[in-house]
Amino acid sequence: MLDDHSEVDAGGAALRSLGGCCGAPTPLGSTGLGSSAFGTDRALERWAKPAQDGLMRVDLLAPDMRCAACIATIEDGLRATAGVATARVNLSLRRVGVTFDPERLTVAGVVERLGRLGFDAKPFDAAAVDDFRSDKTGRELLSCLAVAGFAAANVMLLSVSVWAGAADATRDLMHWVSALIALPAIVYAGRPFYRSALAALSVGRLNMDVPISLAVILASSVSLFETAAHGQHAYFDAAVSLLFFLLIGRFLDHRVRGAARSAAAELAALSATSATVVRPDGSRAAVAVDAVGLGDVVEVAAGERAPVDGEVIEGRSDLDRSMVTGETRPEPIGAGDVVHAGMMNLTGPIRIRVTATEEDTLLAEIARLIEAAESRPTKHTRLADRAVRLYAPGVHIVAAVAFAGWMIATGDLRVSMMIAASLLIITCPCALGLAVPAVQAAAGAALFRRGVLMKDGAALEKLAEIDTVAFDKTGTLTLGRPRLVTTPEDGRARSAAKALALGSRHPLSRALAEGLADRPAAVVDIAERPGEGVEGLLDGRLVRLGSAAFCGADGGTGGAETAVWLRIGEAAPVRFTLEDTLRPDAAETVAALKARGLRVILLSGDRAEAAARAAAAVGIEDWSAEQRPEQKLAALEALKDAGRKVLMVGDGLNDAPALAAAWISMSPAEASDVSRTAAGLVFSGDRLEPVLYGYRVARSARARALENFALATLYNLIAIPIAAAGFATPLVAALAMSSSSIVVTLNALRVRRIAPETFGAEDRQDAGAATSVASSPCPGRRAQAAAQRLEEARA
Amino acid sequence: MNMILMLMPVALFLGGLALAAFLWALRSGQYDDLDGAAHRILQDDSQPGDR
């Protein structure tokens, strides 16, 4: 059993060192479990909470887990670790709950162990980030829904016998039993509505819950009175089923919002990372980023993002600035160069002296721009709120008028109260309450199936109103990673290059290794030269792969593509060209967006020639390059002032302020944390089509919601005269309410019928899907495959 | 009529039982990880010694 696991680990680690894994090495991997003395890893240890029997509990997020193999790998792997008491995966939420013995293990140890299993895990505070299923509101709504459903079904059964003609004592009995079931249910299940109605009334406002509460309370008290007086009609069934339908709508709404809120909170929890500070005496300590002071020396391992802004004092490496500036080419850096928080250190470990504390970093500057952009009020009012503003006063006036009319006409308080109660209950916003949540839940499910996540319902409503789409280039129109474009003829050079590329973590090397189909040559003594390239020995001769200067070639092409050179011995260097390729369907998507009457523009932070090429390739006439974050922001503000509603699509940190300032924004799942948090929708996958699909679903959702309002209004136009005239018996009320709710829900489901565009390229889509699965299976599958290979090798 | 007097409490009791069962399931976290439960049936038993 134990052996099994260690082999799984070994396989996983071996594969990752080949560059097959997308996960970054764990920040504390270098310190190792043994040396992580207690007290030094405060930054991580603060996430542990005391549990029973002197154990500690920590909740971790592992976004990479996807399948059954992941569950098994994590749970078995952790349980086999000394000191772990229990480990439980929650796949829906991508979380792991671990209890461990603090005497034998630390949080850092758990994170490190998960890292070796192939999962990049980060601890977070589960109590602070609780999602809709475990949060109190969600549970309360679900309990209320269950109670209301139970009561509605049973009361409805009893009512059927009344409608079927039960009379006198039998009818009274049915009414009394109905009251017995309905009244406790109305008290219990109505609480969310009563609370919200009271809150609104106490500040002198009307909301949807005021007429609902009034209708339910009035109808049940009138019915109780009728029952005691041996009356013919009781509205217990209507009151309870009204609550039931409304609670469905409320619960759907809560789910859509809750999922978004917890996603945002998790992102915020994740961004609280730690930095490795090197003390003057040479010892290292992991501290929280906000505890890093000016002048401290921070170590950034290869493959890690810089946690703070600073100046390099030691080490050479390559820096990937694409997340911050949109510049695709990694740049060599050395002592004296400036590094900004969020930039990825690629090839060698570096030490940086902190030149700006947290408030002064580029990241903080961008966060300030985002905050400023978000604090500006938008003119958007949600559809449901607009409907309520018309509805709530209207229904009260109609009920009051009907009550007064009947009082004047008959002078009978009992009849007048009955009429008013039946009017309130029959016009009550069953359909109205379901109209928007049902559409949004259906649209959310349709989007989710195609890999698009929306923050909340408002995002969907805003997306339907756009008239302009602004794209970022790097990582948005393009895939944000280089692909091999041209290779030399010489097969020997190709296989030597493959061998060298396999030994390096640089993204260009990885692209080369992926793009070259040749067998790697027998190159030995492969060593990475940070900032320059890789070198090794082939048949006793020095082979070098890297920059033009490193290989002694005449570089300086300055084009949009990137060149990597290879030199074998003293032979003339040969050239490999790589390019950040466009998403496969970028041009078609842009054309389709234009065909729908949207204006499409490109705002790139990259060099002018690269931006121009991308713009020409996808067919965008209106482009600008070398845009700094504040310039992108200004461009969007200008569009806003011109009265345009812009959808901003971007991924980098430099896009984040623009994303926040846009009418609505989307970002790819690979985007920086800050951008994903700022964006209203997030899409995944290599294709750009989700942008178009999101827009089409949003348009359809808007149309369905408006239709639902029309249906609800039509229903009320018919129902109000009937009720006011006194014809709304409990049977009529029950039929009318259920049928309108069902019609509205069925109409909402039509949103799901929208199919994504394939642009007549099924083959390419399949090929794309196949390669993406092959190149990045989830860590669980990789570990499983590695274990299987070891098994086979042994057999 | 006598039948109804007996059947109504019985029906309510059974319905109440179902409601209580649902509320218990909800409180004890049965609905917390629906995706995970779907995948767990594919797993071998991971109890030590079972494999």
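1. A:Gln784 is found in helix H28 (residues 779-794) of chain A, where helices are DSSP runs of H or I with at least four residues, strands are runs of E with at least two, and both are numbered from the N terminus. Is A:Gln784 buried or exposed? A:Gln784 is buried, because 21 other C-beta atoms lie within 10 Å; a residue is called buried if 20 or more other C-beta atoms lie within 10 Å of its own, exposed if 12 or fewer, and partly exposed in between, with C-beta atoms placed from the backbone. A:Gln784 and A:Thr73 are 711 residues apart in sequence, yet their C-alpha atoms are 7.8 Å apart in space.

2. Please keep in mind that this is a predicted model, in which local features need pLDDT of at least 70 and side-chain atom pairs count only at pLDDT 80 or more, while totals for chains, interfaces and linings use all residues. Residues are numbered from 1 along each chain as its sequence is written, and chains are lettered from A and ligands numbered from 1 in the order in which they are written.

3. In chain A, six strands form an open sheet in the order E17-E22-E21-E20-E19-E18, with antiparallel pairing; two strands pair if DSSP finds at least two bridges between them. The edge strands, each pairing on one side only, are E17 (478-486) and E18 (524-529) of chain A, and the twist from one strand to the next averages 20°. Helix H19 (residues 507-515) of chain A packs on this sheet, touching E17, E19, E21 (562-568) and E22 (574-582), and its direction makes about 55° with that of E17(A). Axes here are lines fitted to C-alpha atoms, for helices over the stretch in contact, and angles run from 0 to 180 degrees between N-to-C directions.

4. Four bridges join E18(A) to strand E19 (residues 533-538) of chain A in the antiparallel sense, and A:Leu537 in E19(A) is the bridge partner of A:Val524. A:Asp525, found in strand E18 of chain A, has a phi near 55°, a positive value in a residue other than glycine. A:Asp525 counts as exposed because it has 10 C-beta neighbours inside 10 Å. A:Asp539, in the loop between E19 and strand E20 (541-546) of chain A, also has a positive phi, of about 50°, although it is not a glycine. Most residues other than glycine have a negative phi.

5. Helix H20 (residues 586-595) and helix H25 (residues 689-724) of chain A pack at an angle of about 25°, with their axes 8 Å apart. The two helices are therefore roughly parallel to each other, a description used for angles under 35 degrees, whereas angles over 145 are roughly antiparallel, 65 to 115 roughly perpendicular and the rest oblique.

6. Between the chains, 19 residues of chain B are in contact with 21 residues of chain A, contact meaning that the C-beta atoms of two residues, placed from the backbone, lie within 7 Å. H1(B) gives the most to the side of chain B that touches chain A, with seven residues.
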